Amino acid sequence: MRQATVDMARLAAMDTREAALLLKGVREAALKGGRPPLAPRAEIGESWQRMLRKGVDPERDHRSGLLPPAEIERRRAASPLAELLPVLREGLVSCSAVSDAVRHIMVVADAEGRVLWREGSASVLRKADGHGFEPGADWAESTVGTNGVGTALVARRPVQVHSAEHFVATHHSWTCAGAPLTDPRDGTLLGAVDVSGPLATMHPATLMLVRSVARLAEAELRNRHLTELARLRAVAAPVLCRVGGRALAVDGHGWLAGVTGMPPVDRLPLPASFRAGRVWLPSLGMCDAEPLPGGWLLRVVDEEAREAAAASRVVLDVSRPRRWSLEVSGAAGSWTQELSPRHTELLYVLALHRGGRTAAELAYDVFGDRTRAVTVRAEMSRVRRTLAGVLEHRPYRFREEVRVEVVGPEDPADLLPHSTAPAVRASRGGGAGAADGAGEKDGTRAGAGAGAGEGAGS
C-alpha cells in the first residue's frame, strides 16, 4: 500500500503545536531509518537524504562566519538581483500577505546561499538574528541543512519548509518558502528569494506567492534585456549592411540582434572568456569577433577553416550541485558553455547512450512519458543550434568521431539533485539503465561517480 504523504494544506488547518509534533515524528523516524506515520514530501525527503550523506548534524547547524561588510557590498553591487529589489519588495514586503501584522520577512540570497538583503517585520528580523539569518550569513543547504534558501538553490524549484521539515533541529521554530531566481538571458542561477517567519505565520499559499513574485522578477530582467537588444539592433543594422559574406551581431549573452548571409538563430551562446579576434564556436566554426556597443560583430570565415576546426572532444561536467557545463574542444581550441537543467539532463542521457535515442526514448528518459516527444524535439532543436558540429539527429546522438566524457559528483547519489528524470534517478542508484550504451568501446567515459571525474582528466 502506498504511504500517505505530508500535506501542507492539512498542516495549515491543524493547531501549530500539533502540526509541529507530527512533522517531528516524521523526521525522527526518517533519521532512524524507520517508517514514519506519513512520508515526507518528495523535495523534503530528498533533501534529508542529501544531508545524511553529507554528515550534516541534525541537532545543530555549524555555520561559517558572516561575510565582512565590504564583501557584502561588493556582492550586492555585482549581482543583477539588486535591480530586482523593487519588484521583490512590492510583491513580498509591501503586500498585505507578508506585512508586519503577520510578522514575515523577505530574504534575498546569492547563488552560493549567502544572504545579501533582508526586509520586513522588525520583530521577526530580531528573531532571524537569533537564527543567524542575517546579511552575510551562509544558508547553503550543505551548511545549515534543509531550508527555503539553500534547498531551493539545489532543487532549482520553489520549496516550502515548515518546522521539523528543517533538517537541523534548531530551526524547527521557523517556517519559510523560497524560490530560485534565474537569469532569463543565459539561464544562470542568480540566487533565491525567501519569505520566513514564526510557525504561526505558515500558510500553504505563501509558496504560490513567492513563486509568482520570482517569475515577475525574472520577467523584469527579460524586459530590460529586450530593451538593450533593441539598442544593439539599431547600432548593428548599418554595420551588417556594409559587411560581405556571413555575419551576425549578438549581445554579450549571444542573443541575436542582426544577421546577414545566413539563417537567423535565436541565440548563439558565447564562451565565458570571449574577446576580440579570431575565435572558434561549435555552431559556426572559425569567426572574427569585433566589439560593438553592447555586443559583438561575428564574421564567419571560409568553410575550409570551419572543417579544419571540427570538435574532437566533449566534457560534460555535472559534478557541481547547482551549475553544469559542457566543454567542447578541437584543433582550433576549446569552448565552454553553462547549461540549463533540462539541457543538462538531455546531454547526460545522450552521453550514456552513444548509439542514439529517438525523441520518444528521450521523452521517457527525461519525463517518464513517451508522448512528450514534441517537447523533446523543441529542446533538442535549441541544443543543436549551439552544438551543430557535435550532435546528430535521427536519432539524436553525439557524432561518432567525438570523444565524450562525463565528470560526475564523488557520490553518485548527488547527481543532478534537482532532476526527477528516470534516467538520472537510475544513475543515482546505480540502476541497470544508468550506463546502457556507454563505455570505452564507444570512445566514451560516462558515469556519475568519482570514476567519471578521473576519466575526464585522462
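**Entry 1**

I started with R394, which sits in the loop between β14 and β15. This is a predicted model, so I read every value here as computed. How exposed is R394? Its relative accessibility is 76%, so R394 counts as exposed, the cut-off being over 50%. I then looked up its backbone angle: R394 has a positive phi of about 60°, although it is not a glycine. The peptide bond that joins R394 and P395 is cis, with omega about -5°. My reminder to myself: most residues other than glycine have a negative phi, and most peptide bonds are trans. P395 is in the loop between β14 (391-392) and β15 (397-398).

Next I turned to R156, which is not a glycine and has a positive phi of about 60°. I found R156 in the loop between α8 (150-155) and β3 (159-162). Is R156 buried or exposed? With a relative accessible area of 15%, R156 is buried.

**Entry 1: what T358 touches**

I wanted to know which residues meet T358, leaving out those up to four places away in sequence. The answer was P395 and Y396, so P395 came up again in my notes. T358 lies in the loop between α11 and α12 (359-367). At 37% relative accessibility, T358 counts as partly exposed. I also checked T358 against R370: the two are 12 residues apart in sequence, and their C-alpha atoms are 9.9 Å apart in space.

**Entry 2: salt bridges**

How many salt bridges does a search of the whole structure find? It finds 29, and I picked out a few to look at.

One of them is between the side chains of R50 and E141, at 2.9 Å from N to O. R50 lies in helix α3 (residues 42-54) and E141 in helix α7 (residues 141-144), so this pair ties together parts that are 91 residues apart in sequence. Both R50 and E141 are buried.

Then I looked at E73, which forms a salt bridge with R76; their closest N and O atoms are 2.8 Å apart. Both lie in helix α4 (residues 69-78), three residues apart, which is about one turn of the helix. E73 counts as partly exposed, at 46% relative accessibility.

R185 is buried, with a relative accessible area of 16%, and D183 counts as buried at 3%. I also noted a network: salt bridges that share partners join E71, R74, R75, D110 and E112.

**Entry 3: nonpolar cores**

Last, I went to the inside. In soluble globular proteins, nonpolar side chains tend to be buried together. Which residues have the most contacts inside the largest nonpolar core? They are L298, V328, L347, L387 and F398, in a core of 55 residues. Helix α11 (residues 341-352) gives the largest share of this core, seven residues. Apart from it lies another core, of 22 residues, including M106, A177, L190 and A214.

Not counting residues up to four places away in sequence, V328 touches W280, P282, A311 and L387, among others. I noted that its contacts also include R313, S334 and W335.

Notes. Residues are numbered from 1 along each chain as its sequence is written. This is a predicted model: local features need pLDDT of at least 70, side-chain atom pairs count only at pLDDT 80 or more; totals for chains, interfaces and linings use all residues. Side-chain values use heavy atoms; hydrogens and water are left out. A salt bridge is a side-chain nitrogen of Lys or Arg within 4 Å of a carboxyl oxygen of Asp or Glu. Helices (H or I, at least four residues) and strands (E, at least two) are DSSP runs, numbered from the N terminus. Buried means under 20% relative accessible area, exposed over 50%, partly exposed in between (1.4 Å probe, protein chains only). A nonpolar core is a set of buried Ala, Val, Leu, Ile, Met, Phe, Trp, Tyr and Cys residues joined through side-chain atoms within 4.5 Å. Contact means heavy atoms within 4.5 Å.
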